[in-house]
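Colleague: I have a few minutes before my next run. Can we go through this model together?

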Amino acid sequence: MSDPKLGTLAVHAGEGETLAVPSITTPVYLATTYRFPDAAEAAAYLDDPEGRWLYARLENPTVVAAERKVAALEGAEAAACFASGMAAITATLLSVLRAGDALLLSDALYGETTRLARDVLARFGVEVRTAPLGSIAAAAESAPPRVKALLFETPTNPTLRVVDDQVGSPTYAADLAGALLDLVALGATGTVHAVNEGRVTWCGFARAIVAGLGTDVEVVPITTAEAARPAPRPAFSVLDADRLAALLGRRLPDWHDALARYLAAGR
Ligand SMILES: Cc1ncc(COP(=O)(O)O)c(C=O)c1O
């Protein structure tokens, strides 16, 4: 036999018992193609690929093991792994939708997912409908049969939608506890409101938290009606702490200061 060429050596030299070392967990398989023991097995693959291995794009042992783990963890029938989030979302939607179907989307979604639906799926005859995240369950229930898929994220990335027409006094439990102890020491009776100073909408408060954490999450203001929460909240819940100030001779610090101390305590 003539001497093997460089390409043959690169692929086959040094292989042997290293092909099947019994590792404790599934190793990372980088090979693209797998070996059949004989031609009959290769032919059997065509009828029943389950448990047989041909080509990494179709089934890679490392990925299959990861998918089985995810399915076991989720208590699901099966799982599918993808190389990226958009690949997973695209494959999922393409597998359940066809021309003439409709897709129901939450109005707060990762931007590229919205773009996929509006700019790409719409070109293939899929009608894209949206509903506010807060009422997505009701929208799905009343959707006509042609709505074949519902897509929403919770929590949404990168958008936080927070009501901006309710004002309150965010109050730090540590400051409140200190005030309560002082009131007890004084023997105070009757109704006393104890809150940190200042007022802010819940959206403004969320923005301050996001800024304090140094993250770049977008906080989008919405109205109470848009939030569609079953439990009503007062539009104005700022409390008058004058009685507390008269009793203690001091007011609780401003909520900005309280939030900064709270965030620092968590670090
Ligand atoms: C909610 C959500 N969906 C989809 C994606 C897209 O994932 P990928 O960048 O892996 O395609 C992202 C990425 O940040 C995401 O946050």
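Predicted model: local features only at pLDDT ≥ 70, side-chain atom pairs only at ≥ 80, totals over all residues.

Colleague: Fine. Take H193. Where is H193 found?

Modeller: H193 sits in the loop between α7 and β6.

Colleague: And is H193 exposed, or partly exposed?

Modeller: H193 is partly exposed, because 13 other C-beta atoms lie within 10 Å.

Colleague: Which residues does H193 touch, not counting residues up to four places away in sequence?

Modeller: H193 touches L239, D240, A241, R243 and L244. As for L176, its C-alpha atom is 9.9 Å from that of H193, and the two are 17 residues apart along the chain.

Colleague: Back to α7. Why does its length agree with what a helix should span?

Modeller: Helix α7 covers residues 173-186, which is 14 residues. At 1.5 Å a residue it should span 20 Å, and its end C-alpha atoms are 20 Å apart, so the two agree.

Colleague: What comes just after α7?

Modeller: G187, and G187 takes a positive phi of about 75°.

Colleague: New topic. Which residues make up the largest nonpolar core?

Modeller: Twelve residues: L93, L103, L104, L105, A108, L109, L116, A117, L121, V126, L133 and I136. Two elements give two or more residues to this core, β1 (102-106) and α5 (111-120). The largest share comes from β1, with three residues.

Colleague: Pick L121. What is L121 in contact with, leaving aside its neighbours within four places in sequence?

Modeller: L121 is in contact with L93, L97, L103, L116, V126 and V128. There is also a second, separate core of seven residues. V162, V163, V219 and I222 are among them.

Colleague: How many of the residues of β1 are buried?

Modeller: Four of its five residues are buried, so β1 is mostly covered; the cut-off here is 20 or more other C-beta atoms within 10 Å.

Colleague: What is the strand order in the sheet with parallel pairing?

Modeller: The order is β2-β1-β3, in an open sheet of three strands. The edge strands are β2 (127-131) and β3 (147-151), and each pairs on one side only. From one strand to the next, the twist averages 25°.

Colleague: How many bridges join β1 to β2?

Modeller: Five, and the two strands run parallel. Within that pair, L105 stands opposite T130 in β2. L104 stands opposite R129 in β2. The chain crosses from β1 through α5 to β2, and this β-α-β crossover is right-handed.

Colleague: And on the β3 side, which residue stands opposite A102?

Modeller: A102 stands opposite V147 in β3. The pairing of β1 with β3 is parallel too, over four bridges.

Colleague: Where does α5 lie?

Modeller: α5 lies across β1, β2 and β3. It runs at about 155° to β1.

Colleague: Now the other sheet. What is the order in the sheet with mixed pairing?

Modeller: Three strands form an open sheet in the order β6-β5-β8. Its edge strands are β6 (200-201) and β8 (236-237), and each pairs on one side only.

Colleague: Is the pairing of β5 and β6 parallel or antiparallel?

Modeller: Antiparallel, over two bridges, with β5 covering residues 167-168. The bridge partner of V167 in β6 is T201.

Colleague: Last one, A265. Where is the place of A265?

Modeller: A265 is in helix α11, residues 255-265.

Colleague: Why does A265 count as exposed?

Modeller: A265 has 9 C-beta neighbours inside 10 Å, so it counts as exposed.

Technical notes. Residues numbered from 1 in each chain as written. Core = buried A, V, L, I, M, F, W, Y, C linked by C-beta atoms within 7 Å. Contact = placed C-beta atoms within 7 Å. Pairing = 2+ DSSP bridges. Axes fitted to C-alpha atoms, helices over the stretch in contact; angles between N-to-C directions. Expected span 1.5 Å × (residues − 1). Right-handed = clockwise from strand over helix to strand, strands pointing away.
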